[in-house]
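Here is a short report for a reader meeting this protein for the first time. Please look over the sequence and the model before reading on.

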Amino acid sequence: MATEPENPPGPCVPDSGTEHLVRAAADLVPRLLADAPKSRALARLTDEVVHALAEAGLVTALAPRSRGGSQVPLGDFVRIQEELARGCGSTSWVTGVYAAALYMLSAFTDEAQDEVYATATPKSVAAFKPEGMAGPASGGYRLTGTWRFCSGQHHADWALLSSILVIDDVPQPAQFLIPRSDWVSADDWEVTGLSGTGSATLSVDDAFVPEHRVLPLTGPPRSVALAGDPYFSIPFIPLFVTGATGTPLGLARAAVDLFGRRIRRRGITYTPHERQAEATVTHLQLDTMSMKLEQARFHAQRAVATVPLVTEDPDNAALRVRCRADAAWATKLCQEAIAVVREGSGASAIGLKDPLSLIVGDIDALALHSFLLHSSIAELHGRVLAGLEPGVPYL
């Protein structure tokens, strides 16, 4: 049975060799704040923002150095995502998807990677739930399926799609790498939060996928060039869910900072308080939101510190589950911190032009993501704490 792991060591120390990428993300915040309403209206990121992300090297943060990437330490990657989310939650999320998809690509054949990196700064989306079916064809396979919530596809060159591959009547999960020309995007991303991610439905109809662009999930990585690099040995789901904690942290930090600025110049309507900063209720709100944000940061940092332990012991289900539990708790706490900010911000904050409305919509949407949904992951974590096996196929 799975057992609960001991507490791992403290958070990873930032790598000064990639600190410039954290600064680059922070430098983009003013531009992202200005473009966020446009992204919400377009239901995707603007072309200018995607270009800026690529120019800053953030799209390839987790890609191999041999391919022009940075192989950023996971702790620094969380910080990059946090900085971006201070400006726009959708931008942070899409950047994380692009970077994580290139990390996943490192397990594919070198031939497949050659094709993808033929573009100077390639962008790929990824769909993790097996929603397609594939069967053998001469030289490869034919793939058909429909995948929802494919963030960032409007600017993507490639897609990594999880599907069921059937060979000799035996089904197995596999990842299929397909070019943009092989999929069709639906115009169905009309949502209340993370609107700029452009997470529309993606469909593929009987596309041929050569054998070198297929990765069975039950086998070892297929890259020869990267086989000896320990950086690319991290199991993907712990990497992704831990990296994803940067987005809620950035959203909560943006909300708390916004609240701190506003209370110095506004009062509280129908009360004696001409300056909100002088009210006792404001002091209590500041304490609550700040402590929740710091608690969230603890869980994110503990997840970062746990990932190396998962890498050393990839079959340890309890370690994998705690990464997910920490990520879910971090997201839940950030959502709670933002709720306190919203309660203390007055009716003017509900306006669509108010930056807090974007933050509230984004955190509420993010908290519903299946990898971060606290209710489901709390049950999963509780099973492990009870001495039971997790009972799910993917950790």
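The report goes from the whole chain to single residues.

This is a predicted model, in which local features need pLDDT of at least 70, side-chain atom pairs count only at pLDDT 80 or more, and totals for chains, interfaces and linings use all residues. Residues are numbered from 1 along each chain as its sequence is written, and side-chain values use heavy atoms, with hydrogens and water left out.

**The whole chain**

The protein has 12 helices and seven strands. Both are DSSP runs numbered from the N terminus: helices are H or I with at least four residues, strands are E with at least two. The radius of gyration is 21 Å, which agrees with the value near 21 Å for a compact globule of 395 residues. That rule is 2.2 Å times the number of residues to the power 0.38, and the radius is taken over C-alpha atoms. Along the principal axes, the C-alpha atoms fill a box of roughly 80 × 45 × 40 Å.

Contact means heavy atoms within 4.5 Å. Of the contacts between residues at least 6 apart in sequence, 75% join residues at least 24 apart. Buried residues make up 55% of the 395.

Buried means under 20% relative accessible area, exposed means over 50%, and partly exposed lies in between (1.4 Å probe, protein chains only).

| Residue | Relative accessible area | Class |
|---|---|---|
| Ser 163 | 0% | buried |
| Val 191 | 35% | partly exposed |
| Ser 195 | 9% | buried |

Ser 163 sits in strand S3, residues 158–167. Leaving out residues up to four places away in sequence, Ser 163 touches several residues, including Pro 130, Met 133, Trp 147, Gln 172 and Phe 176.

Val 191 belongs to the loop between strand S5 (184–185) and strand S6 (202–210). Its C-alpha atom is separated by 31 Å from that of Gly 75, 116 residues away along the chain.

Ser 195 also lies in the loop between S5 and S6. With residues up to four places away in sequence left out, the partners of Ser 195 include Ser 39, Arg 40, Ser 90, Trp 189 and Asp 362.

**Aromatic rings**

Which residues do ring pairs link into a cluster? They are Trp 93, Phe 128, Phe 236, Phe 240 and Phe 371. Rings of Phe, Tyr and Trp (its six-membered ring) pair if their centres lie within 6.5 Å. By this rule the protein has 11 aromatic pairs.

Methods
Phe/Tyr/Trp six-rings, centres within 6.5 Å; stacked < 30°, edge-to-face > 60°.
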